Amino acid sequence: MGNTLLSIAKADIKTAKNLVNSDDKYQKHQAAYLTQQGVEKTLKSAISLKTGGQPWGHDITKLVILAQQNGVDVPDFICKKAKMITSWEVVSRYYPTSVIRRDTIAHVIRVADEWQKKLK
């Protein structure tokens, strides 16, 4: 399950990378949503590979804590921005008037992409 979930997470990040520089603000918001999904699924994949079970929930902060408790190395930037990344799950889909900085999305994408490569 963990490897399949990591493959899906990689697809989320790849798709986000393709959308983040769009001039269409709704596509930029989709990039934020997919980035959040990619980070969430990467955490769940790493946790499941360590524990044999898959955690539930969308809260990146809680998943980071669970991952660290199980010996998963989570990038510092993901840890520091967990609350913000979690918020993208809702505000990017249901409240597209929210301001989500393109450069912040792109930074999370870069960090997640590098992290995923290390988790192979």
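## Salt bridges in this predicted model

Lys117 and Glu114 form a salt bridge, with their closest N and O atoms 3.7 Å apart. Welcome to a predicted model, seen here through its charged pairs. Side chains of opposite charge can pair when their charged atoms come close. The count of salt bridges comes to 7, and three of these pairs are described below.

**Lys117 and Glu114, in helix 6**
- This pair sits in helix 6 (residues 102–118), where Lys117 and Glu114 are 3 residues apart, or about one helical turn.
- Lys117 has a relative accessible area of 44% and is partly exposed.
- Glu114 is also partly exposed, at 45% relative accessible area.
- Lys117 and Glu114 belong to one network with Lys17 and Asp113, joined by salt bridges that share partners.

- Lys41 forms a salt bridge with Asp12, and the closest N and O atoms are 2.7 Å apart.

**Arg93 and Glu89, in helix 5**
- In the salt bridge between Arg93 and Glu89, the closest N and O atoms are 2.9 Å apart.
- Both residues lie in helix 5 (residues 82–94), 4 residues apart, which is about one turn of the helix.
- Arg93 is partly exposed, at 32% relative accessibility, whereas Glu89 is buried, because its relative accessible area of 13% falls under the 20% cut-off.

Technical notes. Residues are numbered from 1 along each chain as its sequence is written. This is a predicted model: local features need pLDDT of at least 70, side-chain atom pairs count only at pLDDT 80 or more; totals for chains, interfaces and linings use all residues. Side-chain values use heavy atoms; hydrogens and water are left out. A salt bridge is a side-chain nitrogen of Lys or Arg within 4 Å of a carboxyl oxygen of Asp or Glu. Helices (H or I, at least four residues) and strands (E, at least two) are DSSP runs, numbered from the N terminus. Buried means under 20% relative accessible area, exposed over 50%, partly exposed in between (1.4 Å probe, protein chains only).
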